[in-house]
Amino acid sequence: MGALHEGHLSLVRVARNSCNTVAASIFVNPAQFGPNEDLAKYPRSFERDRELLEKEGVALLFAPSVEEMYPSGAMTWITVEGLSDKLDGGSRPGHFRGVTTVVAKLFNIVEPDVAFFGQKDAAQVAIIRRMLRDLNFPVEIVVGPIVREADGLAMSSRNAYLSPEHRKQALVLYRSLMRVKKLVDEGESTAAELIAVAKNEIATEPAARLDYFEIVNPDTLDPVEDVSRGALAAVAAFFGTTRLIDNVVLFGSNG
């Protein structure tokens, strides 16, 4: 959706190293914002973004208008039943319907062979993978790792909203995930215990308003009780009015 940062650009570099031609889209998609969310103030920096993509060797930038993507009278939506109401979908009703619809439209328009997404949006990746499988899209999905600031904060366009104080408080998300990962590395496999530790860590930052901390199967997004075969720990929280997400893939003793 624009407001590009190093996380986005890392995906461009991976794409450039593995594909003959790289295309990028910039579209602040109104369909994935709720009525009280930040569509109007979402950071937009098109000229800067265009220059960054050009420097990275992107051959095609597709930047349609809302009217082009959603012509008057459009009534068709794509919903991945059973996944779209989990994690962020539970907190943001209709969000993933907007994501899957616009991604399907972008794939139909651009016709990529491979599409590159970031691990930070792990639920989105799972839902798009399922949509591609169910609807027979001939697109391969490649997932790039989360790119972080030096202190661990996951890069996000919404970080621009954070005050210096909220920016410092937001590091509790990374700390909670690292505590969980350390415990798993040491042999803990009970999801309920890991979630309790993470929530206690987040509670040390009173300004953090927790949305969820869940440990789920990375493909189905269903909660797991035991992480020994691997799982995804995902968190979302508010700092002031800014909602941030983060996650880490857990590799258990049998993962």
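Colleague: How do the residues lining the second largest pocket divide into nonpolar, polar and charged?

Modeller: Eight are nonpolar, two polar and two charged (Ala, Val, Leu, Ile, Met, Phe, Trp, Tyr, Cys and Pro count as nonpolar, Asp, Glu, Lys and Arg as charged, the others, Gly among them, as polar). This is a predicted model, in which local features need pLDDT of at least 70 and side-chain atom pairs pLDDT 80 or more, while totals for chains, interfaces and linings use all residues. Residues are numbered from 1 along each chain as its sequence is written, and side-chain values use heavy atoms, without hydrogens and water.

Colleague: Which residues line that second largest pocket?

Modeller: The lining consists of Gln119, Ala122, Val125, Ala126, Arg129, Val143, Pro218, Asp219, Gly230, Ala231, Leu232 and Val249. Two elements, α6 (122–135) and β6 (231–239), each give two or more residues to this lining. The largest share, four residues, comes from α6. A pocket here is an open set of points on a 1 Å grid where a 1.4 Å probe fits, with protein on both sides within 12 Å along at least five of seven lines; lining residues have an atom within 4 Å of a point.

Colleague: And the protein chain: how many helices and strands?

Modeller: There are nine helices and seven strands (DSSP runs numbered from the N terminus: H or I of at least four residues, E of at least two). The C-alpha atoms fill a box of roughly 50 × 40 × 40 Å along the principal axes.

Colleague: What percentage of the 255 residues counts as buried?

Modeller: The share is 46%, with buried meaning under 20% relative accessible area, exposed over 50% and partly exposed in between, for a 1.4 Å probe and protein chains only.

Colleague: Turning to α1, which of its residues are buried?

Modeller: Gly7, Leu9, Ser10, Leu11, Val12 and Ala15 are. Their cover includes α2 (46–55), β3 (114–118) and β4 (140–144).

Colleague: Where is phenylalanine 62 found?

Modeller: Phenylalanine 62 belongs to strand β2 (residues 60–62). With a relative accessible area of 21%, phenylalanine 62 is partly exposed.

Colleague: What does phenylalanine 62 touch?

Modeller: Leaving aside residues up to four places away in sequence, phenylalanine 62 touches Ala24, Ser25, Ile26, Met69, Leu106, Ile109 and Val110; contact means heavy atoms within 4.5 Å.

Colleague: And how are the C-alpha atoms of phenylalanine 62 and lysine 41 separated?

Modeller: By 22 Å, the two residues being 21 residues apart along the chain.
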